[in-house]
Amino acid sequence: MVISEKLRHEAVTGFKFGRKLLGRPKMYSYLYFIDGLLIDTGQRLVRKQVLPVTNELPITQIFITHHHEDHTGNIKPIQEQHKCNVFGSEECSSIMKNPPSLSFAQQFTWGNRESFAEIRPVKDSIATPKHNFQLIPIPGHAPDMIALYEPDKQWLFSADLYINPYIGYFLKTESIAEQIASIKTILLLDFKVMFCSHNPQLKNPRQQLRKKLDFLEVSFDTVAELHKNGLTATQIFKELQWKENHFVKTLSGGQLSKLNMVRSIIRDIENRALS
Ligand SMILES: [Zn+2]
């Protein structure tokens, strides 16, 4: 079942698209539209619902926060609707020329996405007639991820930096140490609304983001301590009595799991020791 909802805050409109899967949580994502700028394009599986909506919007440019399939699933048809430029980070532009293949779980949840070779790399800012957005690299969840910050309005478009104050499933490629650093960078900014791509926070966004920072820091320190005592990733996982969602882990061929979080922390520690 497809759900679509609209969110309004000042001059920002958010469009929520997703599906209810039997007995499973609702998986949805947001597209944001502000002053001609469309931020992200949603997942392929809701294309039928997304395209009539974007067709009605006066889109003059598109910004892609990162290469994940729930943000890049409809770049091509939306670009064709409006014949506009598509922007993203240098790294996003290069990844999207030949994006990595998806696990079954990812395809099942979001749908696959086609490559898109025309993302124009931008660095410091992107402007609309009324606003100037600072572009802030926030790697960790994905290496190419960017937040957009409008200082006059105190809006933050945080992509997938927040989602929840904890992490349920962790991608093999994520880095906790980088996520901690990215959250700290963002907490230095003066924002009062956080347009998260999955879970917008219109009230107390800083408090929520701090909760996530605490969760990540405590997890990091706990795993680091056990690792120092010579425990392996699997032993640490058992010791902490973390629970795995085997449905998700198996479907994703191990791409999405909580054990990945332990592995990521160990990788971060070893990388740190090398540098
Ligand atoms: Zn993502």
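Reply: Leaving out residues up to four places away in sequence, His 71 touches Asp 40, Thr 41, Ile 64, Thr 65, His 66 and Ser 197 (contact: C-beta atoms, placed from the backbone, within 7 Å). The model is predicted, with local features needing pLDDT of at least 70 and side-chain atom pairs 80 or more, while totals for chains, interfaces and linings use all residues. Numbering starts from 1 along each chain as its sequence is written.

His 71 is part of helix H2, residues 69-72 (helices are DSSP runs of H or I, at least four residues, and strands runs of E, at least two, numbered from the N terminus). His 71 counts as buried because it has 28 C-beta neighbours inside 10 Å (20 or more is buried, 12 or fewer exposed, in between partly exposed). Arg 44 is 27 residues away from His 71 along the chain, yet their C-alpha atoms are separated by 9.0 Å.

Next, the helix pairs. Helix H1 (residues 47-56) and helix H3 (residues 75-82) have axes that come within 10 Å and cross at roughly 25 degrees (axes are fitted to C-alpha atoms over the stretch in contact, and angles between N-to-C directions run from 0 to 180 degrees). H1 is therefore roughly parallel to H3 (under 35 degrees is roughly parallel, over 145 roughly antiparallel, 65 to 115 roughly perpendicular, the rest oblique). On the H1 side, Arg 47, Leu 51, Thr 54 and Asn 55 meet Pro 77, Ile 78 and Gln 81 of H3. By class, this contact has 3 nonpolar, 3 polar and 1 charged residues (Ala, Val, Leu, Ile, Met, Phe, Trp, Tyr, Cys and Pro are nonpolar; Asp, Glu, Lys and Arg charged; others, Gly among them, polar).

Helix H7 (residues 205-228) packs against helix H10 (residues 259-274) at an angle of about 70 degrees, the axes being 10 Å apart. H7 is therefore roughly perpendicular to H10. Ser 219, Phe 220, Val 223, Ala 224 and His 227 of H7 make the contact with Met 261, Val 262, Ile 265, Ile 266 and Ile 269 of H10. Sorted by class, the contact of H7 with H10 has 8 nonpolar, 2 polar and no charged residues.

Last, the nonpolar cores. The largest nonpolar core has 48 residues, and Ala 147, Leu 156 and Phe 157 have the most contacts inside it (such a core joins buried Ala, Val, Leu, Ile, Met, Phe, Trp, Tyr and Cys residues through C-beta atoms within 7 Å). Strand S3, residues 27-34, supplies the largest share of this core, 5 residues. A second, separate core of 12 residues includes Phe 170, Leu 216, Met 261 and Ile 265.

Key:
Contact = placed C-beta atoms within 7 Å.
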